[in-house]
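Biologist: I'd like to learn how to read a model like this one. Can you walk me through it?

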Amino acid sequence: MIAPVGYALVAFVVAAAVATALLRDVLAAIILFAAYSLGMALLYTLLLAPDVGLTEAVVGAGVTTVLLLLTIAETVRPTDGGALERPDPRAAVACGALAVVFGLTLPDLPAVGDPDSPVIAYERVTGYYLSQSYAETGVENTVTAVLAAYRGFDTFGEATVVFAAGVAAMVVLRREVLT
Amino acid sequence: MIVEQALLAAAAALVVLAAAVLYRAVRGPTMQDRVVAVNVLGTNTVVILALLSAALDVPSFLDIALVYALLNFLMAVAISKFTVDRGGVM
C-alpha cells in the first residue's frame with residue numbers, strides 16, 4: 001500500500017532534479033533544489049531511514065540553500081536567453097547513460113526488510129554486532145553503536161572534516177562582510 | 001485497517017498535489033511564485049509525514065515533521081530576504 005506513495009515521490013524527485021538542472025536562473029535552480037531535497041528526505045523517511053531523512057532535511061533544504069544563496073550573492077546572474085538552459089547533447093547522453101547503468105543495478109538490490117538479503121543472511125558479521133554490541137558498548141541502538149563505538153575513529157575524522165568546513169565557511173563569510 | 005488505507009490514500013493524493021505545486025515552482029514566472037511554491041511544498045511535506053506517521057504507526061516521523069516545519073520557515077525567509085536585498089541572507 002506504501003508503493004503508490006513511493007512511486008509518486010520518485011516521480012516528483014526526478015522532475016525536481018531535471019528542473020534544477022535545466023533552469024537557467026540560478027536562484028530558481030536553488031529553490032528547485034530545495035524542493036528536490038524535501039522530496040528526497042520524504043523518500044528516505046518512507047524507506048524507514050528517518051535519521052538519513054532528518055540529515056537530508058537539515059543539510060539539503062536548510063544549510064545548502066543558505067550557503068548557495070550566499071554564494072550567488074557574489075556572482076552575476078545571466079539575464080539573456082530563455083528560462084531553460086539548452087543542455088549540451090554530449091552531457092545529456094552521458095547523464096542518460098549513467099542513469100541507465102544505475103537503473104540496471106536496481107533489480108539486484110534486496111527488498112526493504114528482506115530476511116534473505118546478504119547483510120542479514122551472512123550471520124557471522126551481522127549477528128555478532130546484533131548480539132554483542134550492547135554488551136560491549138552499552139549503546140542500545142546497533143547502528144549508533146557501530147557508528148560511534150566500533151568505527152569511532154572514522155566518525156571522529158568525519159566530524160573533524162565537517163567542523164573544518166564549518167570554520168572555513170565562517171572565515172570566508174566574515175571576510176566577505178568586512179570588505 | 002480502513003483508517004490506515006484512507007490516511008495512506010490522503011498521503012498519496014498530497015504527493016500528487018505536490019507535483020502540481022512543482023509546476024508552479026518550475027514555471028514561475030516571478031521569483032515570489034517560486035518562493036511561495038517551495039513553501040507550500042514544505043508544508044505539504046509536513047502534512048504527508050504526519051499522515052504517514054499515523055498510518056504506519058511510527059511516532060518518530062513526527063519529530064522529522066517538526067524539524068521540517070522549522071526548516072521550511074528558515075528556507076522561505078532566507079530566499080525572500082535574498083530577493084529583497086541581494087546578498088542579505090544572514
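Predicted model: local features only at pLDDT ≥ 70, side-chain atom pairs only at ≥ 80, totals over all residues.

Biologist: How many residues of chain B are in contact with chain A?

Modeller: Contact here is a C-beta rule: two residues qualify if their C-beta atoms, placed from the backbone, lie within 7 Å. On that basis 36 residues of chain B are in contact with 34 residues of chain A. As for labels, residues are numbered from 1 along each chain as its sequence is written, and chains are lettered from A and ligands numbered from 1 in the order in which they are written.

Biologist: Which elements of chain B supply the side that touches chain A?

Modeller: Elements are DSSP runs numbered from the N terminus: helices are H or I with at least four residues, strands are E with at least two. On the side of chain B that touches chain A, α1 (2-27), α2 (31-56) and α3 (61-84) each supply at least two residues. The largest share, 11 residues, is from α1(B).

Biologist: And how do the residues on that side divide by class?

Modeller: The classes are simple: Ala, Val, Leu, Ile, Met, Phe, Trp, Tyr, Cys and Pro are nonpolar, Asp, Glu, Lys and Arg are charged, and the others, Gly among them, are polar. The side of chain B that touches chain A has 28 nonpolar, six polar and two charged residues.

Biologist: How do I read a helix pair across the two chains, say α2(A) and α1(B)?

Modeller: Two packed helices are described by the angle between their axes and the distance between the axes. The axes are lines fitted to C-alpha atoms, for helices over the stretch in contact, and angles run from 0 to 180 degrees between N-to-C directions. For α2(A) and α1(B), the angle is about 160° and the axes are 9 Å apart. Under 35 degrees counts as roughly parallel, over 145 as roughly antiparallel, 65 to 115 as roughly perpendicular and the rest as oblique. So α2(A) and α1(B) are roughly antiparallel to each other.

Biologist: What is the crossing of α2(A) and α1(B), left-handed or right-handed?

Modeller: A crossing is left-handed if the near helix is turned anticlockwise from the far one by less than a right angle, and right-handed if clockwise. α2(A) passes α1(B) in a left-handed crossing. A:I31, A:L32 and A:A35 of α2(A) make the contact with B:L22, B:A25 and B:V26 of α1(B). That contact has six nonpolar, no polar and no charged residues.

Biologist: Within chain A, how do α1(A) and α2(A) pack?

Modeller: Helix α1 (residues 3-22) and helix α2 (residues 26-46) of chain A pack at about 155°, with axes 8 Å apart. They are therefore roughly antiparallel to each other, and α1(A) passes α2(A) in a left-handed crossing. The residues of α1(A) that meet α2(A) include A:L9, A:F12 and A:V13, and those on the α2(A) side include A:F33, A:Y36 and A:L43. By class, this contact has 16 nonpolar, three polar and no charged residues.

Biologist: What about α2(A) and α3(A)?

Modeller: With helix α3 (residues 50-72) of chain A, α2(A) packs at about 175°, their axes 7 Å apart. That makes α2(A) roughly antiparallel to α3(A). Among the residues that meet are A:I30 and A:Y44 in α2(A) and A:E56 and A:L68 in α3(A). Their contact divides into 15 nonpolar, five polar and one charged.

Biologist: Where are the domains of chain A?

Modeller: Domain bounds come from an automatic or database domain assignment. Chain A is divided into domain 1 (1-109) and domain 2 (111-179), with C-alpha centres 25 Å apart. Five residues of domain 1 are in contact with four residues of domain 2.

Biologist: How many helices and strands does chain A have, and how spread out is chain A?

Modeller: Chain A has eight helices and zero strands. The radius of gyration is taken over C-alpha atoms, and the globule rule is 2.2 Å times the number of residues to the power 0.38. Chain A has a radius of gyration of 21 Å, well over the 16 Å that the rule gives for 179 residues, so chain A is more spread out than a compact globule.
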